[in-house]
Amino acid sequence: MSDAALIDHMDVPILVGDPEANAVHMNPAFERGFKVDAGLSLGTPLAELFDGGGREAMLGAVASVCSQGTSVRCRIRAGGVGWCAVISPIENQGEQVGVVVLLTEEQAGADQLMSLRRELEAPVDEVALGLETLLEETGGRRNPGHRARLEEALRSVERLRKSLDEMATVLAGKQPEARVEPFDPAQVVRQVADATRERFAERDITLQLLAPTSLAGFTGDGSGLEGALRALVDARLATREPPARITLGVRRLGPEDAEALVISLSETPREAPFEAPFQDDPALVDRLVALGVRLHGYIHPRLGRTTILQLRPAS
């Protein structure tokens, strides 16, 4: 069976273009879904087969595939239906000979999610403005504990903004760009400790912090690392039998280890020793892996258990 015959039997819209990005084949599912007659449309530029914003999105995506030779995703609408498109190059013996477009109908509710995301922007801005006003108006008169809470709340709002931006990117059928910016891991660890200190006291857990004043020189997603580390600490605080002490540490390794960064979260048991390393939520582990973190868990009958986060070396 030929490639064209295989494509024609698939119940998803598929469009094939030549090296000049003109349509050379479309399967029946594409004709039905996009109300197109293959007999009249073959030879037409791929982007011209779509209307409005879909034409613009497809034009940019196809141009990117033709120039870079890598697959591109985009989101379009046609006939009131949302579609996710994957545009990939067709290669033969290392030479690009065309492109193929595979379209899948979006799950119901994607547009509603995008609308809800837009509605969240205004209240997030209002919360940020209120917190900034409180921080400025109280100045030095507010006690350090209250000021720390306001600063933590503002950082949380900023993380929420970034997450909303990434949500919009995902809903548009694109891959969010990795956040890469200078950050100080020592400051990140201190902020996590400050944000959770009251919860430690509520559960009668001693918090010990082992962190230098600064560890400048690292680049990456500092905000994402802070959120993930906070989730690690929260998970340990929420256990039915919490540890007697949690030690949060951060240090830079020596030149023999390429000056990589190590963050440690050690737990000292109250009575009975821990039987196994802490089992973190798989989704949280995936978040850490996406941040470039290598995660290790260790256990010692007397000293307790330790979770180690190792990050790539400082730039």
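Mentor: Start with burial: a residue is buried under 20% relative accessible area, exposed over 50% and partly exposed in between, using a 1.4 Å probe and protein chains only. This is a predicted model, where local features need pLDDT of at least 70, side-chain atom pairs count only at pLDDT 80 or more, and totals for chains, interfaces and linings use all residues. Residues are numbered from 1 along each chain as its sequence is written, and side-chain values use heavy atoms, with hydrogens and water left out.

Phe 30 is buried, at a relative accessible area of 0%. Now the rings. Rings of Phe, Tyr and Trp (its six-membered ring) pair if their centres lie within 6.5 Å; planes under 30 degrees apart are stacked, over 60 edge-to-face, the rest tilted. The whole structure holds four aromatic pairs. One of them joins Phe 30 and Phe 34, stacked at 4.7 Å centre to centre with 15° between the planes.

Both belong to helix α2 (residues 28-34). Helices are DSSP runs of H or I, at least four residues; strands are runs of E, at least two; numbering goes from the N terminus. Phe 30 and Phe 34 are four residues apart, so about one helical turn separates them.

Phe 34 is buried too, at 10% relative accessibility. Its ring also pairs with Trp 83: centres 4.9 Å apart, planes at 35°, so this pair is tilted. Trp 83 is buried, at 7%.

Put together, ring pairs link Phe 30, Phe 34, Phe 50 and Trp 83 into a cluster.
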